[in-house]
Amino acid sequence: MSTALSKQELHNLAMNHVGKDLEQRGFEFIAINSKLKKHPQFVCIDKTNQYFFVIVRAVLLPENPNNYDVIWMESFKKHAREKNA
């Protein structure tokens, strides 16, 4: 019988999926942080040198991945704007 993935293993699986997608889209990675609850997970730039902060959050069904902490996200967006990202 198989065992469930730990929270860190689930996060790593999501990180791999997102990282491969970003690579295929032509992003260049500046920094990667795969530790749980450390944000952002990816700092990358596109071909025009625009910076992007990418946050990875794995969710298990039936949880809705569109539900998130709005106040936290707004504070993070403010930080990104201050860093011109």
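Predicted model: local features only at pLDDT ≥ 70, side-chain atom pairs only at ≥ 80, totals over all residues.
How many aromatic pairs does a search of the whole structure find? The search finds 4 of them, where the rings of Phe, Tyr and Trp (its six-membered ring) pair if their centres lie within 6.5 Å, with planes under 30 degrees apart counted as stacked, over 60 as edge-to-face and the rest as tilted. Residues are numbered from 1 along each chain as its sequence is written, and side-chain values use heavy atoms, with hydrogens and water left out.

**View 1. The chain as a whole.** Two kinds of element make up the chain: 2 helices and 3 strands. Helices (H or I, at least four residues) and strands (E, at least two) are DSSP runs, numbered from the N terminus. Read from that end, the order is α-β-β-β-α. Along the principal axes, the C-alpha atoms fill a box of roughly 50 × 30 × 20 Å. Of the 85 residues, 19% are buried; buried means under 20% relative accessible area, exposed over 50% and partly exposed in between (1.4 Å probe, protein chains only). Among contacts (heavy atoms within 4.5 Å) between residues at least 6 apart in sequence, 33% join residues at least 24 apart.

**View 2. F27 meets F52 edge-to-face.** The two ring centres are 5.2 Å apart, and the planes make an angle of 85°. F27 sits in the loop between α1 (7–24) and β1 (28–32) and F52 in strand β3 (residues 51–54), so this pair ties together parts that are 25 residues apart in sequence. F27 is buried, at 19% relative accessibility, whereas F52 is partly exposed at 32%.

**View 3. W72 stacks with F76 on helix α2.** Here the centres are 5.3 Å apart and the planes 20° apart. Both residues belong to helix α2 (residues 70–82), 4 residues apart, or about one turn of the helix. W72 is partly exposed, with 31% relative accessibility, and F76 is buried at 11%.

View 4. Strand β2 (residues 42–45) and β3 run antiparallel and are joined by 4 bridges; two strands pair if DSSP finds at least two bridges between them. Look for C44, which stands opposite F52 in β3. Between the strands of this hairpin are 5 residues, and N49 takes a positive phi near 65° there. N49 is exposed, with a relative accessible area of 55%.

**View 5. Backbone points worth a second look.** Most residues other than glycine have a negative phi, and most peptide bonds are trans. K37, which is not a glycine, has a positive phi of about 60°. K37 lies in the loop between β1 and β2 and is exposed, with a relative accessible area of 75%. P40 is found in the loop between β1 and β2 as well, and a cis peptide bond with omega of about -5° joins H39 to P40. The bond from L61 to P62 is also cis, with omega near 10°, and P62 is in the loop between β3 and α2.

View 6. What are the surroundings of H11, leaving aside its neighbours within four places in sequence? H11 is in contact with S34, K35, L36, Q41 and V56. H11 lies in helix α1 and is buried at 4% relative accessibility. The largest pocket holds about 870 Å³ of space. On a 1 Å grid over the protein atoms alone, a pocket is an open set of points where a 1.4 Å probe fits, with protein on both sides within 12 Å along at least five of seven lines, and lining residues have an atom within 4 Å of a point. Grid points are joined across faces, edges and corners, and a volume is the space filled by probe spheres set on the points. The lining has 24 residues, and H11, V56, R57, A58 and V59 lie nearest the pocket centre. Helix α1 gives the most to this lining, with 7 residues. By type, the lining divides into 15 nonpolar, 4 polar and 5 charged residues; Ala, Val, Leu, Ile, Met, Phe, Trp, Tyr, Cys and Pro count as nonpolar, Asp, Glu, Lys and Arg as charged, and the others, Gly among them, as polar.
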